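Please look over the sequence and the structure first.

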Amino acid sequence: MSAMKTKAVCISVDKDAFDTLSHLEYISILGYFDLLDRKHQTLRYLGTDQQWKEFSLRHPDIGVIMLVDPPEIKSKLVAHYGEQHLLTVIAPDAYVAHSAVLQDGAIVQRGVKIMPDVKIGKAVKFNINAVAHHDCVVGDFCTLAPGCILLGNVEIGSGSYIGAGSIVLPRIRIGKNVMVGAGSVVTKDIADNLTVMGVPARASSILASDS
Ligand SMILES: CC(C)(COP(=O)(O)OP(=O)(O)OC[C@H]1O[C@@H](n2cnc3c(N)ncnc32)[C@H](O)[C@@H]1OP(=O)(O)O)[C@@H](O)C(=O)NCCC(=O)NCCS
């Protein structure tokens, strides 16, 4: 007898995540919702976000896999789709320490490492090979792009985006709604609502005034 599969829909198109999901035997993806039909080769387009309500009435127990990257959009969509539907997905080759705590809606992609006593808020996305070392705290709706590394005891406020391949040094505090550019090295605390980039990472307004 085959085990019962959890039925779920994806929100937004993320080809890498679709590929990972296709390897998970315990989950059955019915399709995806998005602003428009992106003609994905294997997954069925289910409609726009507006069509979710009617769909969820027909499928009350369906799970939602929140694949959206920009935190400000993600937080609105989580409210729209309903937190009670959020599923956490962990790729088979990801490592999540026993003492790490993940809230609902986490996307933990291939090669990710989440080390002891890390705390992750709701609907946080760890893209491929992202790493959070011990005791990091990552706020709700954050997205960690591929290959970024948070060293020990880093704290990141809700709604922040950590760009691909960036490194955040130990004990750094990054505020809410911060954007860290790809390839940055964050050596100092970052206040709320800033975009920073470069090595060492600096606020974009400071970069502009340098030139
Ligand atoms: C930092 C970032 C948000 C800036 O975006 P933006 O405001 O549209 O900036 P622009 O592309 O207009 O570039 C503005 C300037 O910053 C520079 N710049 C852009 N990104 C940079 C980065 N990551 N590091 C250093 N400099 C960067 C540009 O070269 C440009 O410099 P110039 O004015 O001297 O030509 C963006 O470039 C970035 O790095 N996003 C993260 C992408 C990512 O990790 N994606 C993962 C997908 S899975």
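## Overall form

The model is predicted. In the chain, the secondary structure amounts to four helices and 23 strands.

Of the contacts between residues at least 6 apart in sequence, 20% join residues at least 24 apart.

## Burial, surface and charge

Of the 211 residues in the chain, 45% are buried. The chain exposes about 10700 Å², and carbon and sulfur atoms supply 54% of this area.

The charged side chains number 20 positive and 21 negative. The centres of these two sets lie 1 Å apart.

## Helix α1

Helix α1 takes in residues 15–22, and its buried residues are A17, F18, T20 and L21. Seen down the helix axis, the buried residues of α1 fall within an arc of 160 degrees, so they line one face of the helix. In general, an α-helix has 3.6 residues a turn, so residues three or four places apart point the same way.

What do the buried residues of α1 pack against? Their partners are the strands β1 (6–11), β2 (27–33), β4 (63–66) and β5 (89–90). On the face of α1 turned away from the buried side are the exposed residues K15 and S22.

Methods:
Residues are numbered from 1 along each chain as its sequence is written. This is a predicted model: local features need pLDDT of at least 70, side-chain atom pairs count only at pLDDT 80 or more; totals for chains, interfaces and linings use all residues. Side-chain values use heavy atoms; hydrogens and water are left out. Helices (H or I, at least four residues) and strands (E, at least two) are DSSP runs, numbered from the N terminus. Buried means under 20% relative accessible area, exposed over 50%, partly exposed in between (1.4 Å probe, protein chains only). Contact means heavy atoms within 4.5 Å. Accessible areas come from the Shrake-Rupley method with a 1.4 Å probe; for residues, only the protein chains shown count as cover. Lys and Arg count as positive and Asp and Glu as negative; His and the chain ends are not counted. The place of a charge is taken as NZ of Lys, CZ of Arg, CG of Asp or CD of Glu. The arc is that of the directions from the helix axis to the C-beta atoms.
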